[in-house]
Amino acid sequence: MDLDIRRGEVFCLVGESGCGKTSTGKAILKLVEATDGDILLEMPQEDARTYDEARTRPDDPRSREALDGVRRKYSVTWKENLPWAAGQILIFVLAILAATFLAIFVPSLALGVLRDPFASPWPIIGFCLSIGLILGSVGSLPPTRISRRTRVIVALLTLGSVVIAPVAVLFIHRALTGDTSRFEVGAAMASPWAEDPAAMILGLGLAVSAAGGACALLLDWRERSEGLTGIRMRSIRRRLQLIFQDPYESLNPKQSVYEIISEPLAVNRISRNPEETSASVREALSDVGLRPPEEFIFRFPHELSGGQRQRVSIAAALVLQPDFIVADEPVSMLDVSIRTEILDVMMELRSRRDLTYLFITHDLSLAWVIADRIAVMYLGKIVELGTTEQVIGHPMHPYTKALISVVPSPDPRHKVERIILKGERPDPVDIPSGCRFHPRCPLAFERCGWAAEEVADQLRSLKADGLLAGAGDFEVSEAGTVRVSVGSLSADALVMELNALLSERRDAYLPLKGIAEVRAANGAIELSLHESSEPPLLEIEPGNFVACHLVTQPAPIGPSVTA
Amino acid sequence: MGTVEVVKVGGVISPFRARAIVVGRRMQDIGLQVFHNKTAMAGLIILIFFTVLAVAAPLIAPYGPLSAVPDVGPLTLPAPGHPFGTNQFGYDIYSQVIWGTQISLLVGVLAAAVASVIGTAVGLVSGFVGGWIDEVIMRFNDVVLSIPWLVLMIVIAARLNYLDLVGIILVIGLTGWSVTARVVRSQVLSLKERMFVERGRMIGSSNTHILLRHIFPNAFPLIFANTILTVAVSILSESVLAFLNLSVKSNVSWGRIIAEAYQHDALTIGMAEWLIVPGLCIVFLVFGFYLFGYALDEILNPRLRRR
């Protein structure tokens with residue numbers, strides 16, 4: 001599926017439960033891993049055009065290059081797949097050598113320390129190196145977890161390792177030998193410098209390069225293994241937020257409202273001091289209409305009503321000042337009387353903060369009220385996409401029509417013929433061939449993708465009703481045709497009966513439309529089926545896309561039943 | 001719930017203050033529920049009684065735990081100065097029982113704390129990280145569970161010769177964490193699928209943050225109630241170890257008193273109190289912890305019980 005959501009709009013994703021709306025929303029936010037495809041953020045128009053163009057020619061190496069360029073810039077799912085450069089390989093080999101060196105020499109160094117701490121310079125150099133390695137790995141942690149201040153401290157500690165190392169060596173020596181006499185820290189630190197300044201400078205150099213090397217290596221490794229997840233995703237996260245469907249489940253029952261709302265600020269290190277945090281929390285609370293904030297700030301979720309909880313949920317998403325919000329059925333769990341209030345709050349915030357919403361809902365009437373554009377989804381595919389006016393005013397796809405027809409109307413005189421869809425929603429693991437909506441579509445015709453199994457089922461049930469009494473068994477052959485074995489009637493008579501049935505009843509029993517030809521063959525009858533394909537999502541009018549054979553094909557083709 | 005007044009706070013709120021207010025409100029809430037729960041109160045009264053006894057032992061006990069009663073020989077029958085008689089060294093058994101409260105409580109609480117800390121850490125990591133780490137930890141845990149803990153304790157204690165107080169606490173604590181680990185792990189497995197964990201991810205929290213701020217606080221009531229019950233088990237274990245002469249002679253605990261009484265045929269020489277009183281003390285203290293623990297579990301984890 002393909003969605004482009006423009007900045008500042010309310011985009012509605014409509015569909016039945018279980019059709020993949022929520023998964024789509026979560027994949028956009030990278031809460032679930034998308035199996036394939038790209039999620040591109042904040043892509044300007046011209047890059048979007050390049051991207052679309054390049055995607056039509058996937059085999060061209062130049063377009064692949066262009067695609068990778070766009071993905072590297074904007075995709076949240078992008079993983080760098082570049083070969084290692086010579087410099088990186090060198091660093092890697094050096095790191096392995098250093099680790100081997102440490103593993104071999106550290107025990108003997110420790111023994112040396114035990115006997116006489118300053119007899120040789122190696123213990124101190126080894127210590128400097130280890131401190132550098134440890135600090136380097138600390139320094140490579142993701143930026144949101146470690147503030148700039150921590151990084152400065154790490155850098156200073158690396159430089160200070162030449163000071164720390166002699167003291168540490170001396171401490172270990174004293175601890176191991178059980179020496180408890182007093183000693184001068186200054187003298188202890190100064191003595192290695194006086195005895196062997198060259199070793200100390202070598203130690204300093206090794207510590208700094210170990211720290212830098214470890215840091216660079218680990219950062220590189222993180223980027224390779226996690227893609228953008230580890231490094232950039234956290235900063236992107238901030239700008240994308242989700243409003244959860246269930247306000248009862250999505251708030252931690254052990255946290256107060258204050259903690260729920262201030263947590264994003266603390267986690268992302270946005271506010272610098274408690275004053276700022278308190279102010280942001282209060283502002284967010286009054287923004288979503290929980291006034292006065294003091295009244296709510298120390299309540300637990302269980303002390304709030306459903307509507308208030310959802311407001312807290314919205315406040316917690318808004319406090320990060322996001323640009324894009326995925327609202328996953330934010331009002332479906334709420335009382336009808338509260339829905340309007342929550343929607344009002346959301347829409348008001350949109351105009352005030354210039355938010356973009358992806359609104360996921362199963363309620364078409366709700367989409368009609370709030371959406372700028374609507375996409376109707378069926379079993380993981382978009383079947384119709386367009387502005388609200390286009391989708392609701394002139395629905396093209398039979399599924400959209402059916403959805404619109406069942407929206408209750410407040411005016412009892414205004415009667416619409418309701419289109420009730422037959423059957424159950426198919427199992428998403430076993431998606432129907434051709435158009436995935438055809439088994440339930442009231443307008444399905446020949447090319448919609450009837451499978452042999454469906455046709456055979458229909459014929460069996462017709463036989464059970466006594467319509468095809470002369471036929472034997474119905475079998476699905478491997479070539480995708482239906483074989484009818486001969487029962488009480490002869491093959492020719494059965495062909496006649498089948499043809500008659502097809503011409504009379506094909507509008508009542510839609511699967512029969514899938515039969516292209518009835519042919520007698522070696523004592524049985526072969527029913528071959530129409531060719532079918534999945535309807536592509538085509539632009540019918542500017543900005544209005546529909547995936548249906550009925551729309552792309554001018555009219556249903558006439559009966560083509562031949563004996 | 002809901003009996004606690006909503007707090008209104010103005011001005012600047014530091015994270016510490018926010019946490020303190022939340023914890024305070026929760027404690028107040030739980031305190032009220034404990035107060036209205038008869039089982040919990042019965043258990044609590046027993047526990048308070050023994051705690052007071054332990055803390056005030058120097059004031060209540062007429063003699064030290066290891067000091068002979070003057071002018072009285074060993075193995076004297078109960079008499080006004082020494083209501084339960086004296087033991088084989090002429091020490092006052094009444095005083096010993098009172099001093100024994102200290103050891104039993106101390107060992108019980110600290111060993112349970114050790115077991116809970118280890119079990120919680122293992123359970124949290126195992127449940128939250130999952131994958132092969134979980135598999136390895138849980139198989140190891142199965143091994144620990146399938147070793148008879150009493151035999152293991154006896155072997156460890158015998159290997160180290162006589163155990164001092166710290167040794168006893170460590171031996172009991174280190175052998176008793178596997179059940180806690182399992183309980184915590186199962187709770188973590190269910191908690192990590194909850195929606196608020198997903199929200200934590202959404203706002204950019206690290207795994208450590210989610211584990212410590214979202215999962216641990218929600219598992220804590222269960223851990224706490226479980227720890228109280230572990231205390232009872234630890235007290236029993238301590239008595240068993242002391243009865244089997246595996247702890248230092250200077251640790252006068254109820255188990256040791258019973259062991260000495262048993263070795264000197266207290267019943268046949270007419271000193272039934274020597275055997276029965278410390279026994280009853282163990283029973284009551286353990287009973288108190290069980291009462292309080294189960295009631296607390298009911299209060300803290302209402303949904304778990306009802307299921």
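Read along the sequence, chain B runs through the pattern α-α-α-α-α-α-α-α-α-α-α-α-α, and its secondary structure accordingly comes to 13 helices and zero strands. The model is a predicted one, and what follows should be read with that in mind. The C-alpha trace of chain B spans about 75 × 45 × 35 Å along its principal axes, and 41% of the 307 residues of this chain count as buried. Among the contacts in chain B that link residues at least 6 apart in sequence, 70% join residues at least 24 apart.

F49(B) lies in helix α2, which covers residues 38–55 of chain B. Between the C-alpha atoms of F49(B) and A295(B), which are 246 residues apart along the chain, the separation is 18 Å.

Chain A can be approached through its domains. The domain assignment of chain A gives domain 1 as residues 10–31 together with 240–371, domain 2 as 42–73 and domain 3 as 86–231. The centres of domain 1 and domain 2 of chain A, taken over C-alpha atoms, are separated by 34 Å.

Where the two chains meet, 35 residues of chain A are in contact with 29 residues of chain B. On the side of chain A that touches chain B, at least two residues each are supplied by α10 (233–237), β2 (240–243), α11 (257–267), α12 (274–287) and α13 (293–296) of chain A, and the largest share, six residues, comes from α11(A). Sorted by class, this side of chain A has 13 nonpolar, eight polar and 14 charged residues.

Leaving aside its neighbours within four places in sequence, I261(A) is in contact with V281(A), A284(A), L285(A), V312(A), A315(A), A316(A) and V319(A). V376(A), for its part, is found in strand β5 of chain A, residues 373–378. Why does V376(A) count as buried? It does so because 27 other C-beta atoms lie within 10 Å, and the cut-off for a buried residue is 20 or more. Once neighbours within four places in sequence are left aside, the contacts of V376(A) include V14(A), G15(A), I382(A), V383(A), V391(A), Y399(A) and L403(A), along with E384(A), H397(A) and T400(A). The C-alpha atoms of V376(A) and K21(A) are separated by 9.6 Å, although these residues are 355 apart along the chain.

The mean pLDDT of chain A is 77, and 83% of its residues reach 70 or more. Over residues 554–563 of chain A, however, the pLDDT is below 50, and this stretch has 12 contacts in the model beyond near neighbours in sequence. Where pLDDT is low, the predicted coordinates should not be read in detail.

Conventions:
Residues numbered from 1 in each chain as written. Chains lettered and ligands numbered in written order. Predicted model: local features only at pLDDT ≥ 70, side-chain atom pairs only at ≥ 80, totals over all residues. Contact = placed C-beta atoms within 7 Å. Helix = DSSP H or I, 4+ residues; strand = E, 2+ residues; numbered from the N terminus. Buried ≥ 20, exposed ≤ 12 C-beta atoms within 10 Å, placed from the backbone. Nonpolar A, V, L, I, M, F, W, Y, C, P; charged D, E, K, R; others polar. Domains from an automatic or database assignment. pLDDT = per-residue confidence, 0-100.
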